[in-house]
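These are notes for a colleague who is opening this model for the first time. Please read the points below with the structure in view.

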Amino acid sequence: MHILFARFHVVRIRSDLSVKLLNSVKTFEAMEGLCDRYSNKSGSGDKRMDGMRENESVVDLKAARKRFSRIGWMYVIGTIVINVAQYGVVYAVSYLRPEWLQNGNLYLLLSMLPMYLIGIPILILLMKMIPADPPVRRSMRAGEFVVSGIMCYSMMYIANIIGNILTTVIGMFKGGQVNNQLLDVASSIDIWMSLLFMVICAPLVEEYVFRKLIVDRTIRYGQGVAIVTSGLMFGLFHGNLNQFIYAFVLGMFLAFLYVKTGNLKITIALHMIVNFLGGVVSTLIMKLIDLDEYVRILENGMDQDILMTYVMEHLAGWIVFIVYFVFLVGVSIAGFVLLIVCFAQKKFKLEKSENVIPKGKGFLTAFLNVGMLVYTILWVGIIIFQLLQ
């Protein structure tokens, strides 16, 4: 994830700060309203719409664009506050206690605390100013949960492979390897820190911020729009191409489950399982086989005697690695087959909404507005910057 989530605390924010932030958002909304009115005037020579229903449809589209733009601005403000708070704390520590930044665990804590004590609470307060329409709550059987988990991991695993291929190709053109931020962080912290941040805190906060807050405020315009919006904003927030693709896919699938069940506990549980397998188990296995030593042997010409000694010293680790790899491949294949079956049986069919956006205008309404464009451009810029490093 762009930033591994830490323990979530709700802090009281001064009302004058919230008012100032809200006023800034309203200013941009007013600008967007002027653009809409100008657009209407420029098109006055076109044919007029027939019937009250078409007039109401135009009003709904304008209201929808305004709502999506407002959501985009809320997350832009949240992003800026989070980054300013994080860099401010890290800069202060680098001046006062630079040795703290050499410790992976301390560096992670210093990065996370400002986000959860300042940035995330402000974002939540801003989003709660927008009325919500939670999905209807439905139950999920144990078998359905297991099947969902298999499909969830399969999609993430396949998307992760695609992401790694893309970054490898980019690295070839760039003339250097693209940094994998998640791998760098996971390998530099203790296992208990991985459990705390990746398995417990990240799923809890991410599912609330990128599933509940977004879906509850966009589902009125159609389940499909809410799912794509949640997945795209979630993927972009990770801030690097390695994670964007699988986070986007994972985010959409978890949003689909939340839309269908209205139960955030289900998506949190699946998110925890995925992060545990990918962030904790995989890291432990990499340490068992001492992957860095193996890479060094390959880079130094792969001397047969040295290689054989290494293999014998890490034989147990390699057995665990092979078993785990076969398990992951099996789960991925099973999940892919289940996805095909579910698509064939139309299990992913979405329900229509009374305020659904007309066909062909969903992307224009949800994403081609000022707030969402600024959010997208901001994070795409961060991703490109990370690729060039």
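1. Helices (H or I, at least four residues) and strands (E, at least two) are taken here as DSSP runs, numbered from the N terminus. This is a predicted model, in which local features need pLDDT of at least 70 and side-chain atom pairs count only at pLDDT 80 or more, while totals for chains, interfaces and linings use all residues. Residues are numbered from 1 along each chain as its sequence is written, and side-chain values use heavy atoms, with hydrogens and water left out.

2. The secondary structure of the chain comes to 14 helices and 0 strands. Of the 389 residues in the chain, 45% are buried, where buried means under 20% relative accessible area, exposed over 50%, and partly exposed in between (1.4 Å probe, protein chains only). The chain exposes about 21000 Å², and carbon and sulfur atoms supply 67% of that area; such areas come from the Shrake-Rupley method with a 1.4 Å probe, and for residues only the protein chains shown count as cover. Among the contacts (heavy atoms within 4.5 Å) with a separation of 6 or more, 85% are between residues 24 or more positions apart.

3. Turning to the interior, a nonpolar core is a set of buried Ala, Val, Leu, Ile, Met, Phe, Trp, Tyr and Cys residues joined through side-chain atoms within 4.5 Å. The largest such core has 84 residues, and those with the most contacts inside it include Tyr75, Phe210, Met233 and Tyr375. Helix α8 (residues 241–261) gives this core its largest share, 13 residues. A second, separate core of 5 residues includes Ile289, Leu307, Tyr310 and Trp318. Beyond its neighbours within four places in sequence, Tyr375 is in contact with several residues, among them Gly72, Tyr75, Phe210, Met233 and Phe237.

4. Rings of Phe, Tyr and Trp (its six-membered ring) pair if their centres lie within 6.5 Å, and planes under 30 degrees apart count as stacked, over 60 as edge-to-face and the rest as tilted. By this rule the count comes to 16 aromatic pairs. The rings of Phe210 and Phe237 have centres 5.0 Å apart and planes at 55°, so this pair is tilted. Because Phe210 lies in helix α6 (residues 191–218) and Phe237 in helix α7 (residues 223–237), the pair ties together parts that are 27 residues apart in sequence.

5. Phe237 also forms a tilted pair with Trp379, at 5.1 Å centre to centre and 55° between the planes. Here the link is between distant parts of the chain, since Trp379 is in helix α14 (residues 370–388), 142 residues from Phe237. Phe237 is buried at 5% relative accessibility, and Trp379 is buried at 0%. One aromatic cluster is formed by Tyr75, Phe210, Phe234, Phe237, Tyr375 and Trp379.

6. Trp100 is placed in the loop between α2 (52–96) and α3 (104–127), and at 37% relative accessibility Trp100 counts as partly exposed. Met286, in helix α9 (residues 264–288), is likewise partly exposed, with a relative accessible area of 27%. Not counting residues up to four places away in sequence, Met286 touches Leu291 and Phe321.

7. Lys346 lies in the loop between α12 (315–344) and α13 (362–366) and counts as exposed at 65% relative accessibility. Phi of Lys346 is near 60°, a positive value in a residue other than glycine. Most residues other than glycine have a negative phi.
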